[in-house]
Amino acid sequence: MKKLFVEVKNGGKMTYSVSDLNKLDRMYETEVFERKEKRVMSPFKKEMQKSFQAQVRDYAFEKILDRHLYTFKYMLVIPDPYGVAKQTALILFNSSKEYKVVYRVLGDTPDCDFAGETGFTTRHRVPILGLYGGKNNKIDLKLVDKNGEVVKHRMLQIYVSPIQENIRKMVSDNDMKMSHFGFILLNTAIGSPVAIDGHGDVRYSLQIKTGRLGMIPLVNGHFLLVDKTANRVDKYGKVTPCRYHEIDYMGRVYKTYLLEHKIGRAIAQHGESLFFITSSDDEHLSDRIAELNLNTGELVKYCDIHALIGEEYRQYDNWIDTSYIEYNSGKLLITAKRLNSVINIDWNEQKIEWIIAPPQVWKDSKAEKYVLKDISVNDEKSAKIPICSLPEYTSIMEDNNGKKKAVLFDIRNVVKIDGKVIVPGGKRSVKNSLVKIIDIDENDMSLKVEKCIEVPSSIRFSRVLHSQDEKYLLVAQGYLRTQTGGVRGIIQEIDAATGEKLHGAGIKKVFSNAWPFAPDIKDYCVSMEKNDNAILGKLNPLEKFDGTMPALSENKTDGYFFGGGRICDDLFLCNMRPGTVDKIYFIGEKHSYVKDMENVKFVDKKEGFAIPLNDFEKDEYHVYVEYDDEVHKLKNEIRIIK
């Protein structure tokens, strides 16, 4: 590759372009993954699985370090090294002795600097995050020895092209006070997850099409990312993601999961198990907890919530509306909005431990005995407020031998469904939503409200995070009931002891989740381990076809309906406008299959779909797309050779 050093103060740098990185992929792909006889052959465009591409890239970066071409003075800077997070960069160089690198991405003010530190090594992979989009970023780099002495120091500039306009200005109003939480990551309901600094500037974003869930935090510091480029159709005819990636902030994909079960927005993790809310049958939503083994991609256990509490509450479709679950020492804490309750269950025994709810909700039910007694000392005003009437989020802050402290976000004080008050005695005594700090005593089955803080009224997507010392709360409200001046959500820092609001920012976009942006820099300094089995799970096979197709059209396939066919391992990926294509046929000499799309709800934009080929018999298949009572033959075929 052409070496072009850009001279800067006290040194130089060489930068790789996107085409340079693509050349590295082609150069090292067969070294990382031994060439094996492929099962699927086709002239369709090939697409590498992101989990394999990340391994190839990391291998290429290690080979660059093997060659000892770059030093601290003349280093290699790779913007967006993995192709999905443009506000990141990777610096590569070698040193004669073991040093660590300490850096700061200079913010517009010192309180907005982003700092990072690597481990001691002679092979330096320095992951840079927290870059501004649309400007030259100044990075202060120090090479530090094991005595803590700065051996070398230099300033480096890295330019990042402008990020998407729709996320560039996320913050509408910001009081600019000192933050106790630093950078905050927001999962926007539609669009890319972004991290904002104390001034409201976007300092991190993903350039990959994702859904409302966006990035789902995992305990190892990685995330489960919803990939909206590969979808299936659910039982309601809606387009639903079926591909999820384990990814880190730099954009390295470690594993890919193919799932027929939709992952709802209530998710928890413990060890190798991921717990998520999904559907229990064709009539009910968000009322089954599934346990996914993250090492195998297999669903190993289910729990239908109605089996624990009885059938009498299961009277309509989304009868629970589970908004959050949390794992704590073998227990799952379930925030059940439409049951006006928080339910703690023993996952192994699959039985209820206790319930936080107004007693009237569970009166005369088999779960009544699990309701915690409220021993709060209430004045005349607060006595009219139920312990929770539409809880959105509940989390255990501390646990000490059966005595727990929990934080609860309650959307409002009275619940009505079809005009009926579900929580008897509830009275709207405040117009706002409430954040409550609750003491729970499991030994005597009681609770006490320690503090109740009013916040703006929410509709949904609200979370309450707490600082490590529990002195401060970050209240993140992703969808406000009253939206003025372009503000659709809000984040606020609150003193947990006094309820005083310390810092706030109005957010222009609806966001579904929020958490502190704290990347593990040292983890990204290490190359990924080779993993040949990075693709886990399996999609349902296609139906065999032995009927007759409609008349063959003489016209080419209309791009409005269908396009973008490509092969990704054992998947056929394509783009189509939902509700316009009736069927997709794969017709071979001996075997044929069909993908039925007739019941898909119309959406006036193209979506990406994944069609599994792994159960196809050996044959050569021609692909036909049916719409407007005609079929159109695609020009490329698919050969299954083993």
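Mentor: Let's start at serine 376, whose side chain lies 2.7 Å from the backbone nitrogen of valine 449. This is a predicted model, where local features need pLDDT of at least 70 and side-chain atom pairs 80 or more, while totals for chains, interfaces and linings use all residues. Side-chain values use heavy atoms, without hydrogens and water, and residues are numbered from 1 along each chain as its sequence is written.

Trainee: Which side chain forms a polar contact with the side chain of serine 376?

Mentor: A polar contact pairs N or O atoms within 3.5 Å, one able to donate a hydrogen and the other to accept it; for sequence neighbours, both must be side-chain atoms. Here, the side chain of aspartate 374 is the partner, at 2.5 Å.

Trainee: Is serine 376 buried or exposed?

Mentor: Buried means under 20% relative accessible area, exposed over 50%, and partly exposed in between (1.4 Å probe, protein chains only). Serine 376 is buried because its value is 13%. Look for this serine in the loop between strand 27 (373-374) and strand 28 (391-400); strands are DSSP E runs of at least two residues.

Trainee: Where is aspartate 628, and is this residue buried or exposed?

Mentor: Aspartate 628 sits in the loop joining strand 46 (619-627) to strand 47 (630-640). Its relative accessibility is 55%, so aspartate 628 counts as exposed.

Trainee: And where is arginine 460?

Mentor: Arginine 460 belongs to strand 34, which covers residues 458-466. With 33% relative accessibility, arginine 460 is therefore partly exposed.

Note on methods
Helix = DSSP H or I, 4+ residues; strand = E, 2+ residues; numbered from the N terminus.
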